[in-house]
4 protein chains.
Amino acid sequence: MNGLKIAVIGGGSSYTPELIDGFIKRSNELPVKEIHLVDIEDGESKLDIVGNLAKRMVKKAGLDIDIILTLDRRAAIKDADFVTTQFRVGGLEARARDERIPLEYNVIGQETTGPGGFAKAMRTIPVILDICKDIEELAPNAWLINFTNPAGLITEAVHRYTNVKTIGLCNVPIGMVNMVAKMLEVDSKRIKIDFAGLNHLVWGKRVYLDGKDITDEVIEKLCDGGSLTMKNIPDLKWDKDFVKSLGMIPCPYHRYYYMTDDLIEEEKESVKTGKGTRAEQVLKIEKELFEVYKDPNLNQKPEQLEKRGGAYYSDAAVSLISAIYNDKKEVHTVNVRNNGAISNLPDDVVVEINAIVDKTGAHAITVGQLPPEVNGLVQAAKAYELLAVEAGVTGDYGTALKSLAANPLVPSVKIAKKLLDDIISANKAYLPQFK
Amino acid sequence: MNGLKIAVIGGGSSYTPELIDGFIKRSNELPVKEIHLVDIEDGESKLDIVGNLAKRMVKKAGLDIDIILTLDRRAAIKDADFVTTQFRVGGLEARARDERIPLEYNVIGQETTGPGGFAKAMRTIPVILDICKDIEELAPNAWLINFTNPAGLITEAVHRYTNVKTIGLCNVPIGMVNMVAKMLEVDSKRIKIDFAGLNHLVWGKRVYLDGKDITDEVIEKLCDGGSLTMKNIPDLKWDKDFVKSLGMIPCPYHRYYYMTDDLIEEEKESVKTGKGTRAEQVLKIEKELFEVYKDPNLNQKPEQLEKRGGAYYSDAAVSLISAIYNDKKEVHTVNVRNNGAISNLPDDVVVEINAIVDKTGAHAITVGQLPPEVNGLVQAAKAYELLAVEAGVTGDYGTALKSLAANPLVPSVKIAKKLLDDIISANKAYLPQFK
Amino acid sequence: MNGLKIAVIGGGSSYTPELIDGFIKRSNELPVKEIHLVDIEDGESKLDIVGNLAKRMVKKAGLDIDIILTLDRRAAIKDADFVTTQFRVGGLEARARDERIPLEYNVIGQETTGPGGFAKAMRTIPVILDICKDIEELAPNAWLINFTNPAGLITEAVHRYTNVKTIGLCNVPIGMVNMVAKMLEVDSKRIKIDFAGLNHLVWGKRVYLDGKDITDEVIEKLCDGGSLTMKNIPDLKWDKDFVKSLGMIPCPYHRYYYMTDDLIEEEKESVKTGKGTRAEQVLKIEKELFEVYKDPNLNQKPEQLEKRGGAYYSDAAVSLISAIYNDKKEVHTVNVRNNGAISNLPDDVVVEINAIVDKTGAHAITVGQLPPEVNGLVQAAKAYELLAVEAGVTGDYGTALKSLAANPLVPSVKIAKKLLDDIISANKAYLPQFK
Amino acid sequence: MNGLKIAVIGGGSSYTPELIDGFIKRSNELPVKEIHLVDIEDGESKLDIVGNLAKRMVKKAGLDIDIILTLDRRAAIKDADFVTTQFRVGGLEARARDERIPLEYNVIGQETTGPGGFAKAMRTIPVILDICKDIEELAPNAWLINFTNPAGLITEAVHRYTNVKTIGLCNVPIGMVNMVAKMLEVDSKRIKIDFAGLNHLVWGKRVYLDGKDITDEVIEKLCDGGSLTMKNIPDLKWDKDFVKSLGMIPCPYHRYYYMTDDLIEEEKESVKTGKGTRAEQVLKIEKELFEVYKDPNLNQKPEQLEKRGGAYYSDAAVSLISAIYNDKKEVHTVNVRNNGAISNLPDDVVVEINAIVDKTGAHAITVGQLPPEVNGLVQAAKAYELLAVEAGVTGDYGTALKSLAANPLVPSVKIAKKLLDDIISANKAYLPQFK
């Protein structure tokens with residue numbers, strides 16, 4: 001085929017226009033021929049809406065890209081050059097449960113972090129491994145660009161249990177670069193951050209402006225009220241003594257570990273006041289978004305998408321795809337095999353790190369030892385992830401229990417067990433591995 | 001000098017009769033000539049009481065051991081063969097504060113674990129390093145056998161900041177061996193446990209009876225109500241699913257990490273009902289003990305000492321000293337440099353582990369990789385310890401804050417800060433390093 | 001069965017009386033019931049001779065041990081408690097070729113080191129793996145005590161490709177202890193050496209007399225003419241500047257690496273003068289030995305066996321077996337999984353090291369980092385070994401070539417190739433894996 | 001100052017026009033203001049000749065760059081932005097001795113490899129450390145770009161014993177890229193090689209054309225006569241079985257390790273026939289070159305410089321300087337701290353590896369584990385280097401002896417000692433550290 005074939009698993013997602021916009025913007029360097037938007041039966045109507053918007057967007061851009069809407073995943077994957085995944089097993093309803101269940105036990109209720117992320121992982125692992133089987137069979141040379149959360153954990157699962165070439169991607173690092181740029185009122189291209197850690201637990205070890213180390217200045221601003229957060233994370237202020245002593249930039253999700261009590265309060269308050277969990281808020285936004293998407297005159301990414309929280313995803317994703325396709329030897333922050341880059345971690349675990357990207361993939365750039373204050377948390381979180389991956393694959397109750405008990409946000413084995421039982425019971429339909 | 005010189009720092013401790021008893025029992029293999037019981041001015045009256053009991057004990061045993069009571073630490077250390085440390089900076093009053101302060105923030109209030117252990121470490125590090133300076137100058141060939149809690153952390157400090165030959169010792173491993181023996185109604189010599197972990201966070205990886213692996217059987221009994229705890233730790237039952245999946249034996253102190261919520265409740269209840277914290281209970285026991293010690297007719301270790309909680313200390317300590325002196329090449333469970341024994345940890349950190357002991361010291365026996373569920377917690381705890389050691393030496397506020405925030409029992413940076421401020425303020429007299 | 005069943009593979013070896021002697025000496029602690037001496041058809045007459053001597057020895061000792069002579073390996077292995085291996089594929093004739101072939105290319109011609117050891121490994125690996133299959137099937141709980149040379153490499157093969165519990169054993173470490181004792185005219189029990197390295201490439205890091213470090217004194221004596229060698233290695237003197245700077249004791253086989261040129265000369269001279277290679281000399285000794293063994297009045301280990309070079313084998317072997325059987329927790333120097341004991345080497349390679357031996361096996365005691373001068377050679381030798389094991393299993397020509405080229409004693413790829421071709425051609429009958 | 005200040009230590013080198021040419025070519029991206037060519041008194045006349053050529057070259061290019069000729073090293077270094085080193089302690093006469101001495105003992109006589117490289121390192125280390133003291137004092141922010149051979153070893157010394165920011169550079173990797181490009185008749189920009197190893201012992205793990213893996217094809221061509229060598233290394237053909245089994249591309253210098261015997265013969269032949277060692281040949285070329293340089297009409301890099309052997313140096317060097325200055329985030333192959341990039345080596349040793357270069361330096365890109373056949377040699381060579389660095393700094397005879405004995409090209413301790421004594425005696429004037 002002349003031109004690239006892209007398969008988007010979870011094509012009916014409200015993020016899809018973002019992604020299509022990315023392909024349009026980079027059409028001069030990425031000769032995309034076909035984009036297959038795949039979804040499951042339950043998502044057919046959404047797929048229709050968003051798919052038609054995608055078609056109008058491409059048409060408006062005057063590009064010769066076929067947008068194919070399909071429920072046939074295998075056909076979409078066959079001979080694809082890139083497969084991207086942005087599906088959500090169980091939909092926002094399942095996410096809402098992920099967020100609510102932990103709150104009952106006074107534990108962080110969050111989509112990707114803590115027990116919520118665990119539940120999401122349990123639902124997602126069987127599906128992603130299934131997709132990988134299709135890729136191994138039908139498109140063994142394809143790159144799997146995984147956005148599906150918890151992205152680091154899912155990439156770890158793919159890495160351990162399949163032969164698929166995969167890179168996990170998150171918008172947090174690119175978001176941090178952009179937020180620092182905004183804070184300093186400079187173009188984001190002039191900012192470079194040495195990232196190291198795990199997905200949603202990544203540190204900016206050093207920050208540079210035009211190659212000059214400005215970490216201390218950024219820390220000052222950050223603690224003096226300069227915001228560094230995501231749409232979906234409350235903008236609680238960092239403790240200055242703490243962050244200055246750290247000497248590096250925490251990511252917005254670190255709040256769940258460092259401000260656990262305040263965030264639990266905030267989440268409980270949000271539920272109590274009827275604002276609902278984040279999922280419940282997103283449900284509303286999504287409804288509105290799909291109404292907007294339906295407009296047959298809309299032929300570009302609507303402004304309202306910004307509110308949805310996935311800013312920079314298209315940038316991160318399509319520029320990564322382009323770096324691979326064009327053998328760019330460019331630095332991206334991705335989830336890949338550690339391979340010695342972080343010296344305190346084993347070679348074979350997935351980390352979130354700066355990597356040089358070329359046609360052969362993403363190669364982690366060394367950062368050496370993490371200091372104890374970072375290493376302790378990273379090791380604990382990675383231990384949880386490894387156990388969660390194993391539990392997600394085997395469905396072993398004891399492993400699942402050890403995983404939750406190992407999660408730094410779960411306060412005791414007793415609560416881990418209650419959470420696990422509630423999660424299994426609430427997600428029965430999606431957990432074939434737990435018999 | 002013919003015969004050994006022993007210096008006991010904190011000689012006025014209520015544990016001393018235990019130690020003297022140990023030397024008496026092993027007098028056939030350990031030719032002790034002098035035992036110097038050293039204490040500080042504030043402890044002089046206790047030193048008198050316990051020292052005179054020691055003299056009566058030795059006399060009754062018909063041994064030619066000089067018991068010297070002294071406030072002159074340097075004289076006691078000079079040319080000593082072994083220095084043991086069992087002192088408590090600030091006494092039980094400080095310990096009571098260590099236990100009470102965290103409870104105000106709904107955090108475990110415990111002598112060696114969590115913020116209480118942190119506070120104790122901050123008070124102890126300046127003193128132990130001072131003692132080590134004396135040893136370096138006056139008895140460079142002496143072995144420092146450290147019982148002072150938090151024993152692993154203090155041994156880490158000595159290891160990192162002095163040239164003193166040291167081995168850290170705890171009665172938890174020997175206690176676990178004895179408790180398993182009791183549970184199975186066999187002689188404790190027939191039980192062997194492969195220990196690995198950190199002080200007060202040590203796992204029995206495998207348990208053997210006469211060389212036969214009986215780990216699973218012990219786990220069954222343990223969860224079916226077989227007790228495995230210390231005097232000072234509430235006997236909460238383990239979750240069977242969890243421990244069976246672990247496949248190894250937790251130490252009694254693991255309860256603080258795995259049953260955090262229940263233990264906080266128990267501690268708060270104990271305070272509320274007027275029973276007081278553990279320190280406050282011990283204060284009473286100690287008072288009674290010293291009354292007993294005063295009896296001029298008492299010339300042996302009194303039964304009441306058992307209640308005090310330090311069972312097996314003398315056994316662990318004196319048999320370790322004998323293994324060194326007699327070049328025994330015998331296995332002891334001690335706190336020493338990891339040196340590769342636990343593969344997931346750096347070579348240069350102190351771990352609690354089985355080691356072969358001879359005249360040249362204690363050499364860790366390899367155990368390979370810890371599984372993730374153990375590694376995560378051990379790494380987090382060691383990160384906390386390394387930061388605490390650094391804070392204890394430098395008195396740097398930021399490092400101390402990072403240390404507490406890194407402690408797995410402290411739920412947030414905000415609480416870490418409150419705890420730190422309270423600890424510094426309550427311990428001012430003992431924290432010269434924090435200016 | 002009451003009492004132990006021992007299977008001796010290669011039972012017709014001239015060493016067998018040594019081993020029988022060992023079992024007799026330790027009969028009070030090792031309740032041996034049956035010793036099965038197994039050999040192949042070609043070795044039947046030797047088996048008869050040595051087996052009958054064994055029977056006479058046992059009878060004279062008044063012990064109730066059945067000596068069974070057999071060609072049925074599977075029957076011998078079935079339900080054995082210990083399997084020892086001391087066979088020699090191709091006999092001394094093959095060894096003679098191993099020693100001669102390298103000399104043609106001016107390369108060390110030695111039984112276990114260099115290309116000779118490689119050839120021996122290629123012949124031995126298929127047989128040992130076959131034996132291990134039998135053990136896995138017929139005696140899965142048996143311990144395989146492997147003396148078969150190259151012992152480290154063969155243990156590595158068993159370790160990597162089978163599930164058999166194995167410990168590799170060599171008489172070099174025990175020989176070094178005894179030679180140091182002799183040099184200092186003290187009882188060998190008073191000497192302790194911290195060994196670390198690989199089989200036939202092991203260093204005595206520190207030497208102790210009654211726990212006192214006497215390494216420097218031993219080095220002085222060693223270089224001033226104190227002999228430290230084996231029967232089969234020419235007693236060339238060590239360079240004092242070199243060994244003093246090393247600060248540790250080389251093993252006799254280190255001469256092949258540090259005195260390569262002189263030893264090649266010596267070997268060539270030996271061949272030229274008609275004295276023959278070591279194998280050819282041993283052939284003569286063996287002939288004489290078997291004549292002696294035939295004497296129906298001989299009922300003990302004959303003095304002439306000493307000349308054979310296997311001194312201390314029985315001591316090393318039977319005392320190791322007893323340490324396992326009696327759960328002794330005793331230090332032995334053995335070939336086992338590194339497991340972190342030597343920090344510069346991976347966990348999963350076999351090293352020769354002090355280990356604590358109990359019913360569950362041999363557990364390496366940590367030694368930390370090797371200094372560069374030792375690490376460089378050990379890494380190179382281990383690289384060769386890993387490749388040789390792979391070549392021995394797969395029969396891949398390229399891997400075999402890389403292995404020989406990686407051997408520190410082989411000067412070039414060209415010579416490696418010639419050696420490999422000669423070795424394959426000369427050993428065709430024994431190398432089924434090389435097609 | 002507006003514009004960059006460059007200090008070139010060893011400015012009188014015949015390579016200088018190459019370097020000047022590089023700065024001229026990249027004048028659009030590198031605003032060089034001053035180039036200080038420094039040399040020692042003995043080199044003054046050469047400095048004059050080459051310096052004046054440099055001035056004419058700059059003038060012809062129409063650039064406003066000051067060329068300063070000086071013997072005052074400190075003045076040249078003061079406030080420099082980049083310091084490059086290309087000096088040769090003892091000149092080509094010393095190199096000739098380095099090449100001749102080993103040949104007397106039938107050992108490779110080569111400038112950077114084996115005992116010749118050792119001798120050069122001993123002469124160079126005191127001088128480079130002295131230069132670094134100046135940089136630490138006078139230009140602490142300067143980058144030291146080190147070409148001085150043995151470049152890896154010298155970079156290791158600077159890295160271990162100074163605080164100077166340094167990157168070691170060699171033209172071998174860029175040469176290999178160019179030679180592969182030539183072999184395939186494609187533009188060298190389309191070739192990418194994953195390099196890993198040590199300086200002059202670097203492997204091309206994988207070779208890519210436009211991102212496509214062509215390693216096997218390159219290996220085929222390489223062994224079928226496709227040349228891959230340097231001007232100064234005889235073009236001996238690789239063994240196809242060997243290189244195919246390696247599955248990676250050796251560097252030209254690997255011949256010294258894999259074809260040792262043939263190269264010794266070649267070197268001896270060259271001396272015997274009067275052609276002389278490489279140094280002696282270069283002496284002639286240099287004489288001619290300086291004659292050419294004297295020509296007042298010459299105002300560009302003369303063609304004859306190609307023969308000298310330093311092709312691509314200017315490209316490697318000036319493009320590296322530009323990548324730093326312009327914060328390019330570009331991949332270069334350099335000698336830097338390993339930092340985990342090669343998993344089998346410690347973090348803190350210098351390796352030759354692909355690195356991402358920006359304003360903050362060169363950051364190694366991870367390659368994971370080296371296979372045993374590569375690891376064995378790399379470890380042995382790095383062990384030699386570490387000992388050589390220590391010997392070069394301390395002048396300790398024993399360490400020097402251990403270093404030479406650890407060099408894979410030195411066959412015995414006896415020869416190591418003879419070589420060492422000859423080297424010390426022949427270089428007395430340049431080895432102040434060896435007293």
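Predicted model: local features only at pLDDT ≥ 70, side-chain atom pairs only at ≥ 80, totals over all residues.

**A buried charge and its helix**

Arg56(A) is buried and yet has no salt bridge; Asp295(A), the nearest side chain of opposite charge, is 6.2 Å away. A salt bridge here requires a side-chain nitrogen of Lys or Arg within 4 Å of a carboxyl oxygen of Asp or Glu. When neighbours within four places in sequence are left aside, Arg56(A) is in contact with Tyr293(A), Lys294(A), Asp295(A), Pro296(A), Leu298(A) and Asn299(A).

Helix α2 of chain A also holds Lys55(A), which is partly exposed, with a relative accessible area of 36%. Not counting residues up to four places away in sequence, Lys55(A) touches Ile67(A) and Leu69(A). Ile20(A) is 35 residues away from Lys55(A) along the chain, and their C-alpha atoms are separated by 9.2 Å.

The loop between β2 (32–38) and α2 (44–60) of chain A is the place of Glu41(A), a residue that counts as exposed because its relative accessibility is 64%. Together with Asp42(A), Glu44(A) and Asp48(A), Glu41(A) forms a patch of negative charge on the surface.

**Salt bridges**

Side chains of opposite charge can pair when their charged atoms come close. Over all chains, the structure holds 144 salt bridges, and the table lists some of the pairs.

| Positive residue | Negative residue | N to O distance |
| Lys240(C) | Asp224(C) | 2.8 Å |
| Lys46(D) | Glu286(D) | 3.4 Å |
| Arg26(D) | Glu29(D) | 3.9 Å |

In chain C, the salt bridge between Lys240(C) and Asp224(C) links distant parts of the chain, with Lys240(C) in helix α9 (residues 240–246) and Asp224(C) in the loop between α8 (215–223) and α9, 16 residues apart. Lys240(C) is partly exposed, with a relative accessible area of 28%, whereas Asp224(C) is exposed, with a relative accessible area of 54%.

What does the salt bridge between Lys46(D) and Glu286(D) tie together? Lys46(D) and Glu286(D) form a salt bridge with their closest N and O atoms 3.4 Å apart. Because Lys46(D) lies in helix α2 (residues 44–60) of chain D and Glu286(D) in helix α12 (residues 278–294) of chain D, the pair ties together parts that are 240 residues apart in sequence. Lys46(D) counts as partly exposed at 37% relative accessibility, while Glu286(D), at 7%, counts as buried.

Glu29(D), the partner of Arg26(D) in a salt bridge, is partly exposed, with a relative accessible area of 23%. In chain A, a network of salt bridges links Arg26(A), Glu29(A), Asp315(A), Lys328(A) and Glu330(A).

**Buried parts of chain C**

Helix α1 (residues 16–25) of chain C is largely enclosed by the rest of the structure, because nine of its 10 residues are buried. Among the buried residues of α1(C) are Leu19(C), Ile20(C), Phe23(C) and Ile24(C), and Glu18(C) and Asp21(C) also belong to this list.

Ala80(C), in the loop between α3 (73–77) and β4 (82–85) of chain C, is likewise buried, with a relative accessible area of 6%. Apart from neighbours within four places in sequence, Ala80(C) is in contact with Lys5(C), Ala7(C), Ala139(C) and Ala142(C).

**Backbone details**

Most residues other than glycine have a negative phi, and most peptide bonds are trans. Asn106(A), however, has a positive phi near 65 degrees; this residue is in the loop between α4 (91–104) and α5 (114–138) of chain A and is partly exposed, with a relative accessible area of 43%. Asp79(B) also has a positive phi, near 60 degrees, and is found in the loop between α3 (73–77) and β4 (82–85) of chain B.

A cis peptide bond joins Asn149(B) to Pro150(B), with omega about -10 degrees, and Pro150(B) has its place in the loop between β5 (143–146) and α6 (151–161) of chain B. In chain C, the peptide bond from Asn149(C) to Pro150(C) is cis, with omega near -10 degrees.

**Chains without contact**

Chain A and chain C are joined by no contact, and their closest C-alpha atoms lie 12 Å apart. Chain B and chain D do not touch either, with 12 Å between their nearest C-alpha atoms.

Methods: Residues numbered from 1 in each chain as written. Chains lettered and ligands numbered in written order. Heavy atoms only, no water. Patch = residues over 30% accessible without salt bridge, like charges linked within 9 Å, V, L, I, M, F, W, Y side chains within 5 Å. Areas by Shrake-Rupley, 256 points an atom, 1.4 Å probe, with all protein chains shown as cover. Lys, Arg positive; Asp, Glu negative; His and termini not counted. Charge placed at Lys NZ, Arg CZ, Asp CG, Glu CD. Helix = DSSP H or I, 4+ residues; strand = E, 2+ residues; numbered from the N terminus. Buried < 20%, exposed > 50% of the residue type's maximum accessible area, 1.4 Å probe, protein only. Contact = heavy atoms within 4.5 Å.
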